[in-house]
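Good morning, and thank you for coming. I shall speak briefly about the structure now coming up on the screen.

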Amino acid sequence: MDATTALADAPTAAQHSSGALKLLHMDDVFGMIFNIESATKAVQIALMILIGLIFVGIIVTLIKKISGKRMDSRTGGFLVKTVQYAGFALILINAFKIANIDLSALLGAAGIAGIALGFAAQTSVSNFISGIFLMYEKTFAEGDIVTVDDTTGVVFSIDALSVKLRTFDNRFVRIPNETLIKTNVINVTRFPLRRQNIKLTVTYNTDIERARTILLQTAAANPGVLRKPEPFFMVQSFGPNGIELFLGVWFANPDWEQANNGMYLDIKKNFDAAGIEFAYPTMTIYPKKS
Amino acid sequence: MWRQYDLPTSEGTRIHRAGKTVLYVAVEVAGEGEVLAAMVSYAEDSGLASRRKPKVPISVPPLDSPTWSRYFMGTSSTYEIVPGYPQMPVCIKLREPFFLPPAADLRGWIFSHVEARIVVGGSTIASYPLARPFKTLYGIPEAGIVCRHDEADFLASDEPVIDTMHEDPGLVAHPVRLRNTSPDPVLVNELCIYGEQLSILGNGTRMQSERLLFMFSGSGVRMSLEGQTELPAGWTQIARPRVSGEERFIVRSIELFRAMTRM
């Protein structure tokens, strides 16, 4: 197309594009969206959201402060999150109300979506509800040492869906709350003290009274062993390999490691000094006389 | 023993004795400053050890031994040894327990061991118990308190304890009052003391605390200070309480509330 033809067609092209604009009624659409009323509503919504967020922020800060002093971190965290989400939901509902958006249709759709989501997020919901039960039961708190199945570790964090442990070999373990509800959980540090059960097998030629005296003296000399409850000694049985003895000594939780090692080392040292032998599996064989 | 000392820069290891316990202090030069090394030893070792006197004198471990604790002195050239109560409560087991009849009001004395604190420039850098620090439980295993264990005789007397009772400078005397408000006789076999509420009053080598009131009731036993009285002539306050009675009361109340509600 040469320049002369293009110039000649220009008025026709302009007429076509003007027709397209008329077809879309663009002037009316812009007029509908950007009028005084809608601008006022937008400002109202923005103000409501701003004030609402500030209000929620103040309440959450207050609850954080109060719960930090009065509640454990898990309960406090849960309360803060609940208040926070409830506040956001209220702000959202208010925003829709100001914008004259009918929520009934939206809620209906949300209900259907909720059912679908519920099926999809069944495990997460189960974990969340289990978390609420765990929180209510107060089985453990952050910093406690717990054993779940074969895993033992320090409770690192307690969250809505799972509990995180740090094992003693410094591994990170995530345990879903649902598992914690279903399985046996041992909280090792729930009480301020623990009893160490020391089981020993000594040879049959051992003077049991002497062994008892040495064991109780060893316990009495260990600064980590509590004087009360008193150490407990018992002859458990005459076993297949020797006399089975039991010594129960109580330690305060922080002293556990040191006192436990000290007890075993001292028992070995004192038994060796007294000539008391530990028994090991033995078998007596009689030659058959033909 | 309870006073300020210059660093033992030219005399080897300095020995501070408190009864059967010995506190060793030595000094090492570290660059432009000095390092104070301290350790404690207790005469009564384990029950398995021989009671005979050792033929050779007890030797102090070399300064590079882990038995010593070290503290950089900075510019300070002095240290002070001051008495203090242990951080944890002290549970004093009475050597001769007795029953306190209903409505009884008995006054007497008990003793407990203090700790020797090494203070440099106003800050405590180390604290050593002056008796081997055994522990015990006060209460029941699921809700008791782990305490420092101590043993003492109960001296049923309203009169001040005489000087000979204070032979061991590591002991502090506690005037006590025992009241039984329950309708039944109670066995008094141990008394638990919260040292952080108490001061240490000194007169020469003697040390004592304020009078303590132990109230035995149907719900248990409660320790409190029996009012603050003026210091007797010649006595001075050598250690202040770490927390006030009111503060302690609030903390205890919150602990009790949390124990009851598990919140």
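Let me begin with the contact between the chains, in what is a predicted model. Chain B brings 16 residues to this contact, and chain A brings 16 residues as well. On the side of chain B that touches chain A, two elements of chain B give two or more residues: β11 (135-138) and β12 (145-152). The most comes from β11(B), with 3 residues.

I turn next to helix α3 of chain A, residues 36-70. With 35 residues at 1.5 Å a residue, α3(A) should span 51 Å, and because its end C-alpha atoms are 50 Å apart, the two values agree.

Let us now consider the nonpolar cores. The largest one has 66 residues, and the members that touch the most others are Phe251(A), Ala38(B) and Ile110(B). Strand β8 of chain A, residues 243-252, gives the most to this core, namely 6 residues. Which residues does Ala38(B) contact, leaving aside neighbours within four places in sequence? They are Leu23(B), Tyr24(B), Val25(B), Trp68(B), Ser69(B), Ile118(B) and Ala126(B). Another core, of 8 residues, lies apart from the largest one, and includes Val146(A), Val155(A), Ile158(A) and Leu180(A).

That concludes my presentation. Thank you for your attention.

Definitions and conventions: Residues numbered from 1 in each chain as written. Chains lettered and ligands numbered in written order. Predicted model: local features only at pLDDT ≥ 70, side-chain atom pairs only at ≥ 80, totals over all residues. Contact = placed C-beta atoms within 7 Å. Helix = DSSP H or I, 4+ residues; strand = E, 2+ residues; numbered from the N terminus. Expected span 1.5 Å × (residues − 1). Core = buried A, V, L, I, M, F, W, Y, C linked by C-beta atoms within 7 Å. Buried ≥ 20, exposed ≤ 12 C-beta atoms within 10 Å, placed from the backbone.
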